[in-house]
Amino acid sequence: MKKLFTGLFSGVLNGLLGSGGGVVAVLALRKFFGLETHKSHATAVALMLPMTIVSAIIYISMYDLDWMMALWVTIGGIAGGILGAKVLKNISASWLHKIFGAVMVFAAVRMVFA
C-alpha cells in the first residue's frame with residue numbers, strides 16, 4: 001500500500017507541477033523502502049518516464065505548447081541525462097546527498113521568492 005501511495009503522490013506532483021514527483025520518489029525510496037542512494041535515484045528516474053509521458057499527453061491536449069522551445073530543451077535534456085547517468089556511478093552517496101539537498105534548497109528558495 002505504501003508503494004501505491006508513493007506512486008500516487010509522485011504522480012500528482014508530476015502532473016500538477018510538471019516536476020517534483022521524482023523528488024518525492026527519491027526520498028520515499030530511501031526512507032520508506034531502504035534503497036541505497038544511487039539505486040533510489042536511478043529507480044526514481046525510471047519510474048518518472050511513464051508518469052511524465054501520461055502528464056505530457058494531457059498537457060499537450062489541453063495547452064498550446066511552444067514546440068521549438070520543447071525541441072531544443074529536450075535535446076539538451078537528453079544530453080544532460082546521458083551525462084548525469086554516467087557521472088552518477090562516480091559520485092559518493094555522501095556527495096549525492098549534498099548535491100540533491102542543495103538543488104532542493106535552491107529550487108525552494110527560487111519558488112518562494114519568484
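This is a predicted model: local features need pLDDT of at least 70, side-chain atom pairs count only at pLDDT 80 or more; totals for chains, interfaces and linings use all residues.
Contact here means heavy atoms within 4.5 Å.

**Entry 1**

I looked up helix H2, which spans residues 21–31. Its buried residues are Gly21, Gly22, Val24, Ala25, Val26, Ala28 and Leu29. I then asked what covers the buried residues of H2. The cover includes H1, helix H3 (37–62) and helix H5 (93–113).

**Entry 1: the chain as a whole**

I stepped back to the protein chain. How many helices and strands does its secondary structure come to? I found five helices and zero strands, and the pattern along the sequence reads α-α-α-α-α. Taken along the principal axes, the box filled by the C-alpha atoms is roughly 40 × 35 × 30 Å.

The chain has 114 residues, and 20% of them count as buried. It exposes about 8,500 Å², and carbon and sulfur atoms supply 77% of that area. I also looked up the contacts with a separation of 6 or more: residues 24 or more positions apart account for 56% of them.

**Entry 2: H3 against H5**

Two packed helices are described by the angle between their axes and the distance between the axes. I looked up both values for H3 and H5. The angle is about 50 degrees, and the axes are 9 Å apart.

**Entry 3: histidine 41**

I picked histidine 41 out of H3. Is histidine 41 buried or exposed? Its relative accessible area is 14%, and buried means under 20%, so histidine 41 is buried. Not counting residues up to four places away in sequence, histidine 41 touches Val26, Leu96 and Phe100.

Phenylalanine 5 is in helix H1, residues 2–17. Its relative accessibility is 54%. The cut-off for exposed is over 50%, so phenylalanine 5 counts as exposed.

I then found phenylalanine 5 in a nonpolar patch on the surface, together with Leu8, Phe9, Val12, Leu16 and Leu17. The accessible area of the patch is about 650 Å².

**Entry 4: phenylalanine 33**

Where does phenylalanine 33 lie? I found it in the loop between H2 and H3. Its relative accessible area is 25%, so phenylalanine 33 is partly exposed. Leaving aside neighbours within four places in sequence, phenylalanine 33 is in contact with Lys2, Lys3, Thr6 and Ala28. I also looked up a C-alpha separation: phenylalanine 33 and lysine 3 are 30 residues apart along the chain, and their C-alpha atoms are separated by 8.5 Å.

**Entry 5: alanine 70**

Alanine 70 is partly exposed, at a relative accessible area of 30%. Along the chain, alanine 70 and histidine 38 are 32 residues apart. The separation of their C-alpha atoms is 29 Å.

How values were computed
Residues are numbered from 1 along each chain as its sequence is written. Side-chain values use heavy atoms; hydrogens and water are left out. Patches are made of residues with over 30% relative accessible area and no salt bridge: like charges are joined within 9 Å, nonpolar side chains (Val, Leu, Ile, Met, Phe, Trp, Tyr) within 5 Å. Accessible areas come from the Shrake-Rupley method with a 1.4 Å probe; for residues, only the protein chains shown count as cover. A salt bridge is a side-chain nitrogen of Lys or Arg within 4 Å of a carboxyl oxygen of Asp or Glu. Helices (H or I, at least four residues) and strands (E, at least two) are DSSP runs, numbered from the N terminus. Buried means under 20% relative accessible area, exposed over 50%, partly exposed in between (1.4 Å probe, protein chains only). Axes are lines fitted to C-alpha atoms, for helices over the stretch in contact, and angles run from 0 to 180 degrees between N-to-C directions.
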